[in-house]
Amino acid sequence: MSNYHIKHLEEYYQVYRKSVREPENFWEEVAEEHFLWRKKWNHVLRWDFNKPEVSWFEGAELNITENCIDRHLATRGDKTAILFEPNNPEEGAEHISYRQLYHRVNKMANVLKSKGIQKGDRVCIYVPMIPELAIAVLACARIGAIHSVVFAGFSSTALATRINDSDCKMVITADGSYRGAKTIDLKGIVDDALEQCPGVQNVLVVKRIHSNITMKTGRDEWLQPLLDAASDQCKAEVMKAEDPLFILYTSGSTGQPKGMVHTTAGYMVFTAYTFKNVFQYRENDVYWCTADIGWITGHSYIVYGPLTNGATSLMFEGVPHYPDFGRFWDIVDKHKVNQFYTAPTAIRALAKQGSELVDKYNLSSLKVLGSVGEPINEEAWHWYNDNVGKKKSPLVDTWWQTETGGIMITPIPYVTPTKPTYATLPFIGIQPALMDETGQELKGNQVEGRLCIKFPWPSMARTIWGNHQRYKDTYFSAFEGMYFTGDGALRDEVGYYRITGRVDDVIIVSGHNLGTAPIEDAINEHPAVSESAIVGFPHDVKGNALYGYVILKDTGESRDPDNLRKEINQIITEHIGPIAKLDKIQFTQGLPKTRSGKIMRRILRKIAEKDTSNLGDISTLLNPEVVQDIMDQAL
Ligand code: WT7
């Protein structure tokens, strides 16, 4: 089908118009021609954003792993599906062919079955970036178990919360993980977490770092002997289009993390179609996304999108600065990477090192560069475009979210002219809207407002696990009949979008979404703390860093502030993970509040940003006098 692979701008507009005028016909054609279905659908789309309820390809039956693996065996059996590059370059890369992947996924699936895992059961995967992570994900999908991958950098408390929220019966983990020169004791973290998780019956452990760990009899087992004994044939479970495929947690501005539920058919169709077009993937290309499979980027664009297209997807275990800051470029050179997809925070960290390390390597294989996770600032955009892309590989700034499942606003390389810091045009089938604060849509160009999406797309999350009301309140209540993204954006004179950042209480630090409330809850656990408020402030590598304002209890004792700061960050590390640590902690007597008791973060943000020339009207505050004190003691 010609539509599947867009080749020039005129075609983009044509296909886009069709996708908006006749969305059902459009997606039906894509679905018809490029996937393996056990049974076709009765309805392409049913939807109601007020309930909210969305279903795509209702009545269809399929298994996504047959689309990711089985159907490639005849033509691509020996092609590398997963190219694994370990943390230590001396260990050497591992090429896993589609046929090997088929056998390994089937073995893993049989092991899960032998432990009683059935269709619909939740399995928590807490595994570092090694092949077993992708294999475990696919093994769950093969038998219809719902995977819940938790990024293996989260703390034991965060892990326990996620395991319990979705009642996972099993945890798959590793003895430990490598991270540059360091190792992390993953099994120890799992052991701590499971003290609070009575529902977990089995823990399967991958041997990676050969550390000394304790195994709880009757619960914990090494995975390898089980895999060795398992059959390499496992029939794929037939799934309905709207059966859940996975849960993936994302931070909310308040309370518990949100378990976003993604379903099978629509997610498959959209991630496959976006992958093909946004990266212009051609047979025999080597594609590399540097994200972790613990995030949505890895789910959609390391595992499902690439594999449904029969691509070679590179998986990297390590970090950008080990053994030195040239590691990314070394890998691009060594494996002749054609598409490279990373995050602005990594770009900024690498740009700081200058361009000598980039120039040392041959990057001529690169055809497409991608960016995702947060707005990419002008300087980082140019550095990436000029030094890595040599001004000839288009840089695609892809805007999307855990909730959207796939890329929503993005240039199509070699099709859409790029513009620094702009995500440019909506992808095929995506209908964005900018709204003003009164709920009116801002029509026309050169407008700025809150970014919403007007019409369903196939890979949107269908609900929050166990809390449909929260799904409705968070995404469908701010603007009637629309999905609200939580981001602000502007549309320029030619209709290009630029994402300006979050407009809610989520702060993006090094590309990680962090809600203010969970961090404040953690800080408030410290016995000396009575109240706290977190805001973000600009940071040259992380994009944003965290600034905490903390009110101490009046106990009469004097305490060493630096010790307190350490203890507070320690608590945050235990509750959430090191990514949520505060860069600055200011102790204060009070926090500016409205008369209804809400903390005025806008003021705290300005003080943290050192931009106090225009604080706005503070006279309506309950306690305007605290503002001057906070300013005087700002860090
Ligand atoms: C939030 C979603 C989508 C995978 C990674 C993050 C921000 C993401 C961009 C971009 C500006 C971006 C938004 C969004 N964001 N990509 N290209 N330009 N902002 O997924 O953790 O769910 O975070 O990341 O604020 O809402 P996530």
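The paragraphs below take these parts in turn.

This is a predicted model, in which local features need pLDDT of at least 70, side-chain atom pairs count only at pLDDT 80 or more, and totals for chains, interfaces and linings use all residues. Residues are numbered from 1 along each chain as its sequence is written.

Start at strand S11, residues 202–206. Strands (E, at least two residues) and helices (H or I, at least four) are DSSP runs, numbered from the N terminus. Because four of its five residues are buried, S11 is largely enclosed by the rest of the structure; buried here means that 20 or more other C-beta atoms, placed from the backbone, lie within 10 Å of the residue's own. Strand S8 (residues 170–174) runs parallel to S11, joined to it by five bridges, and Val171 has Val203 as its bridge partner. S11 also pairs (at least two DSSP bridges between the strands) with strand S12, residues 220–222, in the parallel sense over three bridges. There, Leu204 is partnered by Glu221.

Now turn to the ligand. Its surroundings comprise 22 residues, the closest being Pro375, Trp399, Gln401, Thr402 and Ile499. Helix H11 (296–308), strand S24 (483–491) and strand S25 (497–502) each supply at least two residues of this shell, and S24 gives the largest share, three residues.

Finally, look at helix H13, residues 344–351. Seven of its eight residues are buried, so H13 is largely enclosed by the rest of the structure. Among the buried ones are Pro344, Arg348 and Ala351.

Technical notes
A residue is buried if 20 or more other C-beta atoms lie within 10 Å of its own, exposed if 12 or fewer, and partly exposed in between; C-beta atoms are placed from the backbone. A residue is near a molecule or strand if its C-beta atom, placed from the backbone, lies within 6 Å of it.
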